[in-house]
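Trainee: I am new to this protein. Can we walk through it step by step?
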Amino acid sequence: MKKISVWLSDLTHTAQGISAATFPLGVSFVYSYSKKMLGDEFDFELFKFPSHLAEALNNSPPTVLSFSNYSWNFELAYKFASLVKLRNPNVITVFGGPNFPTITDEMLQFLKKRSNIDFYIELEGELGFVNLLKKLAEYGFNANKLKKRSEALLNTSYIYENRLIHGPKERIKDINIIPSPYLSGTLDKFFDLPLVPMVETTRGCPFSCTFCSDGAVIKSKVSRYDPERVKEELHYVAKKVQKVDELIITDLNFGMYKQDVETAKVIRDLQQTYKYPTIMAASAGKNMPKRIIEVGKIVKGWVLGSAVQSTDPEVLKSIKRNNISNNAYKELTDFGNTSKSNKTYTEVILGLPEDNKQKHFESLRFGIDSNVNRISMYQSMLLTGTEMSSQVHRKKFGLMTKFRTIPGCIGIYDIFGEKQPVAEIEEIIVGSNTLNTNDYLECRVMNLIIETFYNNAMFEEIYPMLRALKVSPMDCLIYIKEHPELYSKKIKEIIESFVSETTEDLFPTWEKAKEYVLDLDVINKYIGGELGTNELLFHRVLLFNEFDDICDLMFKSVEGTLKQKKLLTNAIKNYLLELKRFIFMRKKDFLTKTNSITKATFEHDFEAIKEAEYYVDPNSTTLLENPMQFDFFHDDKQQELISNQVKLYSAHAVGMGKMLQRTNMKLMFRNFVKSNQHKKYSEEIRKNP
Ligand code: SF4
């Protein structure tokens, strides 16, 4: 007898590169559990790329077509579901995932508006999906017959005669009942693709942030896979992985639990045996910093830090979030900064309930004063299914929102022989009871200044000196923002363009945003990068291209800040003059002029200053008796790295924006040695590349 075909997809947009370049882990768990429970009766298939799904559909559709639903792929999945239903209304469409309301009235509206969804599975998909398949089998895979009974199905919602039928909710008690999709070979075919493997060692989060769908009470219990299974999975991945250096641990609070130390030891063993992973991404826990440090000491290449989102007590209370203490945070970043292979970061969100300009600046200051390498700055998104997006919260905090296309989540797809434009739309907060439009824009300009002048080490030599003088680098960054009279004509134009792009492409409703972007001319401009770019990254590249101007602005602002604080001495002025020249030698045109050796002479011993990690007080620095000449150059390894990265990301500002965000720029700036030692240095490098 022909088996019933069931397809599961976790789609990603692909028109501007792979938008979600990760293994389809979540849906593969549903696949594995369904196969275990119903494998004899069904044929299951797994899809990630829209082109693969479209090709398979050209042959014949399945009995059940299901999709995972995230904010970054819902419209794409729904486009497929709608076109399939149009051709064959008997195909049963099932969606599941966090991008779904939690309030029953909103669920009803959601499903009414998307009538091509037959059933929606909530929470972890495994239990609800298997139960639904069993029920459908009882009714000969006739969805209407099943719906007519109006039976409440486990973890499932659907509409019958305009009523929402909403089943009881239950989480999996022991997640080890789900077979490993790695060890069963289910995910093998994805190792051939440029996707990053993900491993889940726990599910659930004990915290309750209102902006996050994992903050729901029902998801608060944390369950864990058997450590032996995790170990086997990690080894399996390391053996199979091809041209990918990265591993993602999908846990929501990695490093917070004692078992994570054991997982870290397994990863360390992989790093020694297979030289993989060189980069590990995992969200660090919001508690237990000492244990996180312990884990950070074991695993190499973990970008350490913790997202603070805001440091303000009122904001944190309104979003029901507890951050780790400031001291613990400092301890964490201090540790991260001592390790050469790790980088440190934090995340700050603008526009959360109760946020305002001053509070946002203080949150940024906290990150900078904690000496993180990078602050990722986001706008608040109202995600479906989160407490913050409920009507109650919107009203309580007076949230003002606009809609826009999610950068990168867009494309024109060939489905059933026709070109189908698709774009994902998100809702962002642009104001509230406490944040007016003007302050919102000022905060965004501040974000651009931090992105340009602080993140990714362009002026990393300056900040330790300010710290040595007990001056917060944030004061200097605010000085840049508050002194537009220091901006060159080009810088002024770029900032004006940034402000106008921050306010453009924003629409009052979801429908208007969608209508605008789906016009063929417009969507092609989005795909080509003319519209809808990440304006923060794009304008940072434009500013980087004006290196002389931003360097001037930076140094004038350092002097201005120190003058305001009555700290500017002649020794500091002299040091700043030399430091500016030194930074020029290392960083001017560092991506294009990679073959030459340039020379410059200094009165300060920059080798010793580098040794002190630039943490120097110029007032007590001894000048060299005889000025010393230094050579500035890229070594062979750097030349190769730059050439590969520039090829990969192209010379266009959009691609360069991605490169600046994803590459460790420190590895690309010119090296320097005393000229009389350059020959010796080159020989050493040749011997020990
Ligand atoms: S701690 Fe992280 S995963 Fe947990 S609820 Fe908050 S934002 Fe979500």
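Mentor: Start with terms. Helices (H or I, at least four residues) and strands (E, at least two) are DSSP runs, numbered from the N terminus. Two strands pair if DSSP finds at least two bridges between them. This is a predicted model: local features need pLDDT of at least 70, side-chain atom pairs count only at pLDDT 80 or more, and totals for chains, interfaces and linings use all residues. Residues are numbered from 1 along each chain as its sequence is written.

Trainee: How many bridges join S13 to strand S14?
Mentor: Strand S14 covers residues 344-350 and runs parallel to S13. Leu 304 stands opposite Thr 344 in S14. The number of bridges joining S13 to S14 is two.

Trainee: Which are the edge strands?
Mentor: The open sheet has three strands, in the order S13-S14-S15, with parallel pairing. An edge strand pairs on one side only. The edge strands are S13 (304-305) and S15 (374-379).

Trainee: What separates the centres of domain 1 and domain 3?
Mentor: The bounds come from an automatic or database domain assignment. They give domain 1 (4-166), domain 2 (196-397) and domain 3 (584-687). Taken over C-alpha atoms, the centres of domain 1 and domain 3 are separated by 53 Å.

Trainee: Is Cys 443 buried or exposed?
Mentor: A residue is buried if 20 or more other C-beta atoms lie within 10 Å of its own, exposed if 12 or fewer, and partly exposed in between, with C-beta atoms placed from the backbone. Cys 443 is found in helix H14 (residues 437-453). Cys 443 has 24 other C-beta atoms within 10 Å, so it is buried.

Trainee: Which residues is Cys 443 in contact with, leaving aside its neighbours within four places in sequence?
Mentor: Contact means that two C-beta atoms, placed from the backbone, lie within 7 Å. Phe 361 is 82 residues from Cys 443 in sequence, yet 7.5 Å away in space, C-alpha to C-alpha. The contacts asked for are Leu 350, Lys 357 and His 360.
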